[in-house]
Amino acid sequence: MTHRADKMATTLFVYAGATDLVDGWIARRWSLQTVVGTVIDPMADKALMTVLTVSLAMKGAVPLPLAVLILGRDILLSLAAVYYRYISLPPPKTLARYWDFSLPSAEVHPTGISKVNTALQLGLIGWTMGTMAVGGDLGWWGPEGALKAMWYVSPSSGPFNPSQTTTFID
């Protein structure tokens with residue numbers, strides 16, 4: 001994104017999203033979910049969103065306050081996940097046991113508002129990248145219209161709302 005390879009970056013973003021959907025569908029369809037997968041997949045999604053949000057903010061394609069809201073929400077959710085894993089870990093609490101995913105711990109399930117917020121953020125990033133890939137201004141549908149509306153709708157659906165429920169496993 002930062003080297004004007006907008007079409008390539010957009011193509012890779014779409015590919016990453018499609019493979020993530022297929023991977024999740026396969027895991028659910030044939031009951032192939034693993035504890036490690038439930039941790040690594042969201043981490044990979046967060047890494048992708050972080051890199052894209054920072055890149056788009058550096059280019060000025062996404063306003064800095066919006067990027068701070070998106071990144072701040074993701075950081076808070078990540079810290080909460082680390083905290084809940086720690087407090088739900090049976091004693092003794094050691095670093096080796098913390099990273100042993102065979103030990104039962106808290107399960108984090110996204111709420112409906114969290115899913116809506118994630119979809120809006122993905123839409124915002126995808127729309128922004130797509131707009132840049134086709135050369136910029138798309139009139140009302142580009143940066144001057146719908147895209148700016150998404151700037152305000154995306155963060156308002158989630159950063160200050162509870163976005164996950166936690167179930168502790170005994």
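The legends below describe close-up views of a predicted model.

In this predicted model, local features need pLDDT of at least 70 and side-chain atom pairs count only at pLDDT 80 or more, while totals for chains, interfaces and linings use all residues. Residues are numbered from 1 along each chain as its sequence is written, and side-chain values use heavy atoms, with hydrogens and water left out.

View 1. Helix H2 covers residues 35–59, where helices are DSSP runs of H or I with at least four residues, numbered from the N terminus. Its 25 residues should span 36 Å at 1.5 Å a residue, the expected span being 1.5 Å times one less than the number of residues, and the end C-alpha atoms, 37 Å apart, agree with this. H2 is followed by Gly 60, which has a positive phi near 85°.

**View 2. The buried residues of H2.** Met 49, Leu 52, Thr 53, Ser 55 and Leu 56 are the buried residues of H2, buried meaning under 20% relative accessible area (1.4 Å probe, protein chains only). These residues pack against H1, helix H3 (64–88) and helix H5 (112–133).

**View 3. The largest nonpolar core.** This core has 14 residues, and among those with the most contacts inside it are Phe 13, Leu 52, Leu 56 and Val 62; a nonpolar core is a set of buried Ala, Val, Leu, Ile, Met, Phe, Trp, Tyr and Cys residues joined through side-chain atoms within 4.5 Å. H1, H2, H3 and H5 each supply at least two of its residues, and H5 gives the most, with 4 residues.

Note on methods. Buried means under 20% relative accessible area, exposed over 50%, partly exposed in between (1.4 Å probe, protein chains only). Contact means heavy atoms within 4.5 Å.
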